Structure formats: structure tokens, C-alpha cells
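Visitor: I have a protein model open on my screen and would like a friendly walk through it. Could you show me around?

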Amino acid sequence: MASTRRKPGQLGPQVEGYRAWLTDRGYTPQTVRNMLADLGRAGRWMSREGLVAAQLDEDAMAAFVAAWQAAGHRRALGPRAMMPLLSYLREAGGTPAAEPPHTAVEGLLGEYRIWLARERGLAAATVLRYEKTARRFLQQQAMAGGVLNPAGLTGTDVNAFLLRECGRISAGSAKGRVAELRAILRFLYLQDLTPLRLGTAVPPVGGWRLAALPPAMTAADVQLLLDRCDRSTDVGVRDFAIMMLVARLGLRSVEVARLELRDVDWRAGELVVRGKARRQDRLPLPADVGEALAGYLARGRAPAGARRLFLTCRIAAVRTDDLPTCIPSPTASNVTTPPS
């Protein structure tokens with residue numbers, strides 16, 4: 001209760017009106033006290049930031065919530081908890097009404113969504129995240145007198161937006177924000193909407209030496225790992241082929257797991273790799289990788305008609321001299337076995 005008696009800062013004149021507004025809408029007395037305490041916290045934060053009630057909007061409320069969370073308070077406080085206060089202030093005329101959507105901005109964002117999906121091959125969730133950042137950037141930095149004017153953007157505008165964003169997110173999220181901002185700036189330049197490559201004005205997020213895992217194994221360590229693979233067994237031959245794909249072509253584990261027999265074009269010496277967002281890439285198949293795959297396929301697979309290239313091998317527990325049994329994934333289907 002002590003926190004509710006502290007001075008509410010810039011929002012002091014709104015306390016009684018907000019109390020009556022909440023009571024009229026059926027909030028319980030305890031809830032009213034809690035929400036008045038939130039008003040006081042927001043008002044004191046505004047005083048520290050030099051803000052007045054007329055400057056409160058969704059972005060300012062989000063910045064306040066981020067500052068509250070960053071301070072490590074035990075009580076959770078989300079953006080939705082502050083929406084009643086913002087609604088009251090707008091009804092009372094203490095802060096401007098929400099801006100209507102900018103038709104020009106939404107039209108440009110529609111083209112941007114198509115560009116991200118078609119030209120960049122991004123997944124739907126990634127497109128949505130990039131679009132949200134682009135909308136905030138355009139509305140905050142590219143509007144002049146209520147008119148969308150991306151041609152007037154400067155490096156100062158880019159840095160001002162990035163500083164605001166990075167002030168309310170973690171270092172990891174800041175790296176993603178940099179990528180999202182560079183993407184919209186590149187799109188604007190390619191569409192001849194900005195005369196300069198403003199993406200070069202976006203500074204990188206700082207990193208620290210030894211702050212992450214080593215980037216890669218040395219070539220000697222990779223070769224040692226390959227040499228230690230026991231290729232006298234079915235499992236060893238399979239594992240050697242998998243490791244060759246990872247070591248020589250840089251495939252990720254999920255890309256290896258998705259490989260199918262039809263993805264190996266033996267005649268052309270190519271491999272089809274399925275990546276994110278249904279993207280497919282054709283990679284050259286080095287001779288040593290092809291030999292490893294052929295050696296694995298030549299040992300036989302059970303069932304022979306499995307669609308997946310690599311199958312799970314399980315050792316039967318009935319007899320110690322049983323050979324490994326390779327089983328396909330549930331999506332296996334009949335295909336023609338490629339030539340060895």
C-alpha cells in the first residue's frame with residue numbers, strides 16, 4: 001500500500017478522474033487500487049523521462065512496460081494492463097486520440113510483404129516480424145505533415161529509430177531489429193523510394209570476444225572424426241555418409257534428415273537440399289561425398305522402398321548376433337532405388 005501513496009508524477013491531476021472512471025466500469029476496489037498504483041508508476045516514469053501526458057501513446061506505454069520489466073520487479077506488468085489508462089486519458093482529452101491507419105503506409109507494407117516472401121523466401125512468421133518493425137519505422141520516421149515521404153529519410157532518422165528500439169529490448173533482440181531495419185531500407189532503395197543506400201547507416205550490434213561457442217572445428221579435428229568412424233558396420237557406413245554431408249557441404253541436421261532418394265541426382269552430380277520456408281537449393285555433389293552415399297546405399301536398406309535417404313537403425317534385443325535393422329520414418333513411400 002505504501003507504493004500507492006507515492007506521488008504520481010506527471011499523472012497526478014488524473015488520479016481522481018481515473019478512479020471514478022474505473023469504478024463506473026465495475027472494477028472492484030482492490031483492482032482500482034492496483035490500477036491507480038500503475039498510474040503512479042507510469043507518472044513517475046514520465047517525470048524521469050521528461051514526458052507529459054500529451055505524449056503518451058502505445059509506443060510510450062510499451063517503453064514504460066519495458067523499463068518496468070528491465071528493473072526486475074517481481075510483479076508482472078504487461079502492455080495490456082496499461083490500455084485502460086490510455087483509454088481513459090484519451091476520453092478525458094489528456095492525450096491525443098490514436099492515429100488512424102496511414103493508407104499509404106499500409107499500401108507500401110503490402111508490397112513489402114510480397115517482396116519478403118517472393119524475393120527473400122522468408123517464412124510467414126518472419127515476414128510478420130519484419131513487417132511490424134517496418135510499420136513502426138515508417139510511421140515514426142518517414143511521415144512529414146501526415147504524408148508518407150521516405151525520400152526525406154536520412155541516416156539520423158535511422159539511428160534515432162534504432163536507439164529507441166534498442167533501449168527497450170535485449171541485446172539478442174537488438175541484432176534481429178538491425179536485420180529487420182536493414183531489410184526495409186534495402187526494399188525502399190530497390191523501389192527507388194530513397195535515393196541513398198541507408199542500410200549502410202545501420203550500425204552493427206556490439207559483440208564480445210569469447211562470448212559465444214567457437215564458430216567451427218578445425219579441418220584436422222574434422223578429419224580425425226571421420227577417420228574414427230567404424231565403416232565395417234551398417235551404422236558406421238550410414239554415420240560416415242551423414243558426417244561427410246555435414247563436413248563437405250555444410251548441411252544442417254534437419255536438412256540431412258529431410259533428404260530423400262530422389263534428391264540425389266547421380267547423373268548430374270547434384271544434391272537437392274530443402275531448407276526453410278520450402279526453399280530448395282541444388283548443390284554440387286563432390287566425388288568423396290557421392291562415394292560415401294553410394295557405399296551406404298550399396299549395403300542394402302530395409303525396407304528397400306523407403307523414401308527417406310537415411311533410416312534409423314535399431315539393434316534387436318533378442319539375439320546378440322542379430323544385425324541392425326533399419327526402419328524408415330512414418331512418411332516413407334515406395335520409390336525407385338537409384339543406381340549405385
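Predicted model: local features only at pLDDT ≥ 70, side-chain atom pairs only at ≥ 80, totals over all residues.

Here are a few questions and answers about a cavity, a helix pair and a salt bridge.

Visitor: Which helix gives the largest share of the lining of the largest cavity?
Guide: The largest cavity has a volume of about 40 Å³. Its lining is made up of Y18, M35, D38, L39, A81, M82 and L85. By class, these are six nonpolar residues, one charged and no polar. Three residues, the largest share, come from helix α2 (residues 29-49).

Visitor: At roughly what angle do the axes of α5 and α6 cross?
Guide: In α5, residues including L108, L109 and Y112 meet residues of α6, among them V127, Y130 and A134. Ten nonpolar, one polar and four charged residues make up this contact. α5 passes α6 in a right-handed crossing. The axes of helix α5 (residues 103-118) and helix α6 (residues 124-141) come within 10 Å and cross at roughly 145 degrees.

Visitor: How many residues apart in sequence are the parts that E106 and R135 tie together?
Guide: The whole structure has 19 salt bridges. In one of them, the side chains of E106 and R135 meet at 3.0 Å, N to O. E106 belongs to helix α5 and R135 to helix α6, so the pair ties together parts whose separation in sequence is 29 residues.

Note on methods: Residues numbered from 1 in each chain as written. Heavy atoms only, no water. 1 Å grid on protein atoms, 1.4 Å probe; cavity = no way out; pocket = protein on both sides within 12 Å on 5 of 7 lines; lining within 4 Å. Points joined across faces, edges and corners; volume = space filled by probe spheres on them. Helix = DSSP H or I, 4+ residues; strand = E, 2+ residues; numbered from the N terminus. Nonpolar A, V, L, I, M, F, W, Y, C, P; charged D, E, K, R; others polar. Axes fitted to C-alpha atoms, helices over the stretch in contact; angles between N-to-C directions. Left-handed = near helix turned anticlockwise from the far one by under 90°. Contact = heavy atoms within 4.5 Å. Salt bridge = Lys/Arg side-chain N within 4 Å of Asp/Glu carboxyl O.
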